[in-house]
Amino acid sequence: SYTYKFLLYTTYLNMGTNRIHNSLDGAKIFEELSSVIAKNYLGENSSGGVFGTGLAGGFREKLLNVMAEMGEGVNVKNIPGARPQDEDIDIIVWKPFHDKRKSKLICFGQCKTGLSWESDYVRLPAKTIIDLWFTEPPIVDPVLLFFCSKYFSLQRWDYTAKKLGIVFDRF
């Protein structure tokens with residue numbers, strides 16, 4: 001299938017230096033695809049989408065917009081000297097209640113292509129991100145999702161998922 005081939009290419013092509021082909025940005029397309037997968041996973045009426053560097057705007061502005069849209073978080077902390085890029089959040093999706101109450105399921109998704117990240121990647125826990133940036137934390141800590149164009153062997157699955165969150169690999 002085309003999707004499998006795309007994921008295979010994003011695994012073995014360097015998405016840092018070789019991500020644009022025929023004016024298409026492979027890394028951004030992977031984030032968009034991952035956003036669709038995350039919302040399908042959460043089911044009907046899920047909200048949110050691409051958040052990280054794939055979305056225009058500064059970190060604080062984007063996070064403030066997400067907080068307003070999902071109805072949790074209130075404001076973004078100002079940390080002097082901090083220059084956050086995306087804090088390892090490429091996607092923020094949530095499953096709202098029809099009455100818009102708090103305590104909804106919120107997911108922070110990270111997208112990774114290629115192979116080089118696997119040996120040294122350390123992910124910030126959701127609680128750390130909340131403590132750093134949210135003046136008022138969501139009622140329920142967000143769940144971490146991890147999207148990777150690479151295939152993870154079943155032998156390493158538990159270990160990988162413990163470190164990264166709910167894993168969506170090539171398969």
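I looked up glutamate 87 and found it in the loop between α3 and β4. Helices here are DSSP runs of H or I with at least four residues, strands are runs of E with at least two, and both are numbered from the N terminus. Glutamate 87 has a positive phi of about 55 degrees, although it is not a glycine. Most residues other than glycine have a negative phi. Glutamate 87 is also buried, with a relative accessible area of 18%. My classes use a 1.4 Å probe and protein chains only: buried is under 20% relative accessible area, exposed is over 50%, and partly exposed is in between. Aspartate 88 lies in the loop between α3 and β4. Its phi is positive too, near 65 degrees.

A note on provenance: this is a predicted model, where local features need pLDDT of at least 70, side-chain atom pairs count only at pLDDT 80 or more, and totals for chains, interfaces and linings use all residues. Residues are numbered from 1 along each chain as its sequence is written, and side-chain values use heavy atoms, with hydrogens and water left out.

Next, the cores. I take a nonpolar core as a set of buried Ala, Val, Leu, Ile, Met, Phe, Trp, Tyr and Cys residues joined through side-chain atoms within 4.5 Å. The largest one has 18 residues, and Phe51, Leu63, Ile92, Phe108, Trp133 and Phe134 have the most contacts inside it. At least two residues each come from α3 (59-70), β4 (91-95), β5 (105-112) and α4 (126-133). Which element gives the most to this core? It is α3, with 5 residues. A second, separate core has 11 residues, including Phe30, Cys111, Phe147 and Phe168.

I then listed contacts, meaning heavy atoms within 4.5 Å. Beyond four places in sequence, phenylalanine 51 touches several residues, among them Phe59, Lys62, Leu63 and Ile92. Leucine 55 sits in the loop between β3 (47-50) and α3. Leucine 55 counts as partly exposed because its relative accessible area is 37%.

On to aromatics. I pair rings of Phe, Tyr and Trp (its six-membered ring) if their centres lie within 6.5 Å; planes under 30 degrees apart are stacked, over 60 edge-to-face, the rest tilted. I find 6 aromatic pairs. Phenylalanine 51 and phenylalanine 59 have ring centres 5.9 Å apart and planes at 80 degrees, so the pair is edge-to-face. Both residues are buried. Tyrosine 151 and phenylalanine 171 are also edge-to-face, at 5.0 Å centre to centre and 80 degrees between the planes. They are 20 residues apart, with tyrosine 151 in the loop between β6 (143-148) and α5 (154-164) and phenylalanine 171 in the segment after β7 (166-168). Phenylalanine 171 is exposed at 64% relative accessibility, whereas tyrosine 151 is partly exposed at 36%. Tyr4, Tyr151 and Phe171 form one aromatic cluster.

A cavity is a set of points, on a 1 Å grid over the protein atoms alone, where a 1.4 Å probe fits but cannot get out; lining residues have an atom within 4 Å of a point. I count 1 cavity of 30 Å³ or more.

Notes. On a 1 Å grid over the protein atoms alone, a cavity is a set of points where a 1.4 Å probe fits but cannot get out, and a pocket is an open set with protein on both sides within 12 Å along at least five of seven lines; lining residues have an atom within 4 Å of a point. Grid points are joined across faces, edges and corners, and a volume is the space filled by probe spheres set on the points.
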